[in-house]
Amino acid sequence: MAIERTFSIIKPDATARNLTGAINAIIEKAGLRIVAQKRIQMTRGQAETFYAVHKARPFFGELVDFMISGPVVVQVLQGEGAIQKYRDVMGATDPAKAAEGTIRKAHAQSIGENSVHGSDAAETAAIEIAQFFSGNEIVG
Ligand code: CMP
């Protein structure tokens, strides 16, 4: 399988509970390498752009408000089949449906406050990484 890069966000519910290290430990144990990482306060504009695909959804406003409610940690993860691997490691969007051993099973609080985001495909991974990182900030 090819080496891929995927984009990850450790969301405000997780940073508020000081879970960055705990989540990074799960990521690294799964064989993914954190090749870029920074803690930021997202602006409303950044969050609206990032989640533009969900603009028509009834939860869009709530989602944007949540994502700017506190610091987030944005990351680039690298590894074999990293995009699907990270989705497996995150677990289902709804923590009630997430499998044992996943980040969301261990830490997520609800569908909205679900601790992490991960890209769903190679095209979105490239777009999402480019929104938050320049090339020289990613060191594999
Ligand atoms: P994420 O992987 O970041 O991508 C879109 C996000 O929308 C998703 O995780 C959830 O946090 C959020 N989301 C999805 N469904 C709902 C919902 N029904 N109510 C609130 N937020 C939701």
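**Pocket and ligand shell**

The largest pocket is lined by 30 residues, with K11, Y51, H54, L63 and H117 nearest its centre. A pocket is an open set of points on a 1 Å grid over the protein atoms alone, where a 1.4 Å probe fits, with protein on both sides within 12 Å along at least five of seven lines; lining residues have an atom within 4 Å of a point. Elements giving two or more residues to this lining are α3 (44–50), α4 (60–67), α5 (82–90), β4 (116–118) and α7 (122–132). Of these, α7 gives the most, with four residues. Helices (H or I, at least four residues) and strands (E, at least two) are DSSP runs.

The model is predicted; local features need pLDDT of at least 70, side-chain atom pairs count only at pLDDT 80 or more, and totals for linings use all residues. Residues are numbered from 1 along each chain, and side-chain values use heavy atoms, without hydrogens or water.

The volume of the largest pocket is about 740 Å³, taken as the space filled by probe spheres set on the points. The ligand sits in this pocket, with more than half of its atoms within 2 Å of the grid points.

Around the ligand (a heavy atom within 4 Å) are K11, Y51, H54, F59, E62, L63, R104, I111, G112, N114 and H117. Polar contacts are pairs of N or O atoms within 3.5 Å. A side-chain N or O atom of Y51 is 2.5 Å from a ligand oxygen. For a polar side-chain atom of H117, the distance to a ligand oxygen is 3.0 Å. I111 places a backbone N or O atom 3.1 Å from a ligand oxygen.

Key:
Polar contact = N/O pair within 3.5 Å; in protein donor to acceptor, adjacent residues only side chain to side chain.
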